Amino acid sequence: MKTLTVSVVTPDGPVLEDSYDMVSVRAESGELGILPGHIPLVAPLTISAVRLKKEGNTDLVAVSGGFLEVRPDKVTILAQAAERPSEIDVDRAESAKQRAEQRLNVTKSDEIDFNRAKLALNRAINRIDIANQ
Amino acid sequence: MASLREIKTRIGSTKKTKQITQAMEMVSTSKLRKAEENAKNFVPYMEKIQEVVSSITSGNIEVSHPMLTSRPIKKTGYIVIASDRGLAGPYNTNVLRKLTEAIEERHQSKDEYTIVPIGKVARDFCRKLDHPIAHEVTGLPDQPTFAEIKEIANYAVGLFADEEIDELNLIYNHFISAISQEVKETKVLPLTDIEAGESQTSMYEYEPDQEQILEVLLPQYAESLVYGALLDGKASEHASRMTAMRNATDNAEDIIDELTLSYNRARQAAITQEISEIVSGAAAQD
């Protein structure tokens with residue numbers, strides 16, 4: 001069976017490089033599933049979990065925004081931050097979540113800080129969810 | 001000639017200085033190794049993002065984005081990457097000289113530029129000369145992570161997006177090798193000259209469309225340019241400090257050698273004098 005080479009790269013270095021049967025991601029325009037032989041594609045990703053399937057097993061990677069670049073036999077995910085579940089620091093994510101929630105309570109919804117806090121909250125929740133799965 | 005004791009103290013203090021510079025050299029060597037590795041880790045990300053950007057912008061379809069178009073330049077932003085600490089040889093001086101040259105050459109008044117100094121040395125320099133400072137960053141760790149840089153990069157890119165500045169330049173030391181670094185000035189924004197990658201411009205499908213992808217991709221690209229320069233600068237800083245400290249250690253050794261020689265000479269002179277005094281004293285008794 002054909003496989004896809006998946007590499008996840010961040011500015012701090014590559015996080016993962018392996019071959020998988022299928023990749024599913026949550027792009028800004030909706031869920032995308034990629035199988036080997038897909039046409040070249042570029043799509044921005046949301047703060048979410050990337051699911052990588054190999055022989056019935058699913059690996060998860062938490063990504064904080066970024067891009068997906070697809071070639072017929074290769075998928076590259078460019079993210080500003082990406083972690084495997086085992087690398088996630090749950091305590092840190094929890095405290096980030098609390099901080100973000102506090103900030104959301106004090107700032108008004110039209111301020112820049114509000115959006116930033118919301119993004120931070122999303123990232124924290126995403127990390128916690130993935131670490132707990 | 002200085003007295004024996006004076007020379008001895010000087011030898012002692014030079015030895016201590018040498019120990020310090022030697023230790024600093026070793027610290028910088030190991031930091032340089034890490035900085036080089038960080039820079040290496042960053043390469044795949046940069047290459048990939050460059051490839052995608054160039055394949056979108058070099059496509060047949062006309063794409064427009066504020067970051068790609070040059071505006072008439074009314075105000076220029078400079079990001080100056082220097083270090084927090086001195087004792088790094090010509091590292092900081094070179095960057096600051098380049099900045100001064102650029103300002104003198106291009107700008108008539110202080111309203112035409114603004115500076116984002118990174119590192120205490122750059123900040124103090126700008127303050128002393130009363131340059132306009134948009135935002136200052138100090139106390140960056142030796143091995144910065146992307147998250148720590150993101151804010152600075154984001155801020156600078158934001159200035160451009162809000163039309164606060166019409167051009168963004170980076171001034172930093174480019175790391176060539178452990179013994180040679182070169183000051184570089186690169187234009188980050190507008191992104192007019194995106195180098196086409198390995199001519200592998202495969203045509204992509206865009207989801208949802210090109211404009212929206214550029215919307216997310218270009219700020220990220222600009223941020224990673226800044227991050228890349230910072231990693232480059234950090235590697236240069238450690239390399240420069242390492243070389244400076246090695247030279248200092250070598251100099252200290254030379255001084256110690258010279259002082260030891262004059263110490264021995266002075267001691268011998270004292271002995272000779274004593275002997276001749278004894279001899280002449282004995283001769284006088286005969």
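Me: How many helices and how many strands does the secondary structure of chain B come to?
Reply: This is a predicted model, in which local features need pLDDT of at least 70, side-chain atom pairs count only at pLDDT 80 or more, and totals for chains, interfaces and linings use all residues. Residues are numbered from 1 along each chain as its sequence is written, while chains are lettered from A and ligands numbered from 1 in the order in which they are written. Helices (H or I, at least four residues) and strands (E, at least two) are DSSP runs, numbered from the N terminus. Read along the sequence, the pattern of chain B is α-β-α-β-α-α-β-β-β-α, and its secondary structure comes to five helices and five strands.

Me: Why is chain B described as more spread out than a compact globule?
Reply: The globule rule is 2.2 Å times the number of residues to the power 0.38, and the radius of gyration is taken over C-alpha atoms. For the 286 residues of chain B the rule gives 19 Å; the chain is more spread out than a compact globule because its radius of gyration is well over that, at 28 Å.

Me: What box do the C-alpha atoms of chain B fill, and what share of its contacts join residues at least 24 apart?
Reply: Taken along the principal axes, the box is roughly 115 × 40 × 25 Å. Two residues are in contact if their C-beta atoms, placed from the backbone, lie within 7 Å. Among the contacts in chain B between residues at least 6 apart in sequence, the share that join residues at least 24 apart is 79%.

Me: Which residues have the most contacts inside the largest nonpolar core?
Reply: A nonpolar core is a set of buried Ala, Val, Leu, Ile, Met, Phe, Trp, Tyr and Cys residues joined through C-beta atoms within 7 Å. A residue is buried if 20 or more other C-beta atoms lie within 10 Å of its own, exposed if 12 or fewer, and partly exposed in between, with C-beta atoms placed from the backbone. The largest core here has 88 residues, and those with the most contacts inside it are V80(B), I81(B), A222(B) and V226(B).

Me: Which helix gives the largest share of this core?
Reply: The share in question is 17 residues. The helix comprises residues 210–285 of chain B and is α5.

Me: Which residues does A222(B) touch, not counting those up to four places away in sequence?
Reply: In soluble globular proteins, nonpolar side chains tend to be buried together. With sequence neighbours up to four places away left out, A222(B) touches M67(B), A153(B), V157(B), V188(B), L189(B) and L191(B).

Me: Which element gives the most to the side of chain B that touches chain A?
Reply: The contact involves 24 residues of chain B and 21 residues of chain A. On the chain B side, α1 (4–57), α4 (146–161), β5 (205–206) and α5 each supply at least two residues. With seven residues, the element that gives the most is α1(B).

Me: Which residue of β5(B) stands opposite V42(A)?
Reply: Two strands pair if DSSP finds at least two bridges between them. Strand β5 of chain A (residues 41–45) and β5(B) pair in the parallel sense over two bridges. Opposite V42(A) stands Y206(B).

Me: How many bridges join β3(A) to β4(A)?
Reply: Chain A has two helices and ten strands. Its strands β3(A) and β4(A) form a hairpin with two residues between them, and S24(A) stands opposite G33(A) in β4(A). The two strands run antiparallel, and the number of bridges is five.

Me: Which residue of β6(A) is the bridge partner of M22(A)?
Reply: Strands β3 (residues 22–27) and β6 (residues 48–54) of chain A pair in the antiparallel sense over three bridges. The partner of M22(A) in β6(A) is K53(A).

Me: How far apart do the C-alpha centres of the two domains of chain A lie?
Reply: Chain A is divided into domain 1 (4–85) and domain 2 (88–132), with bounds from an automatic or database domain assignment. Eight residues of domain 1 are in contact with seven residues of domain 2. The C-alpha centres of the two domains lie apart by 23 Å.
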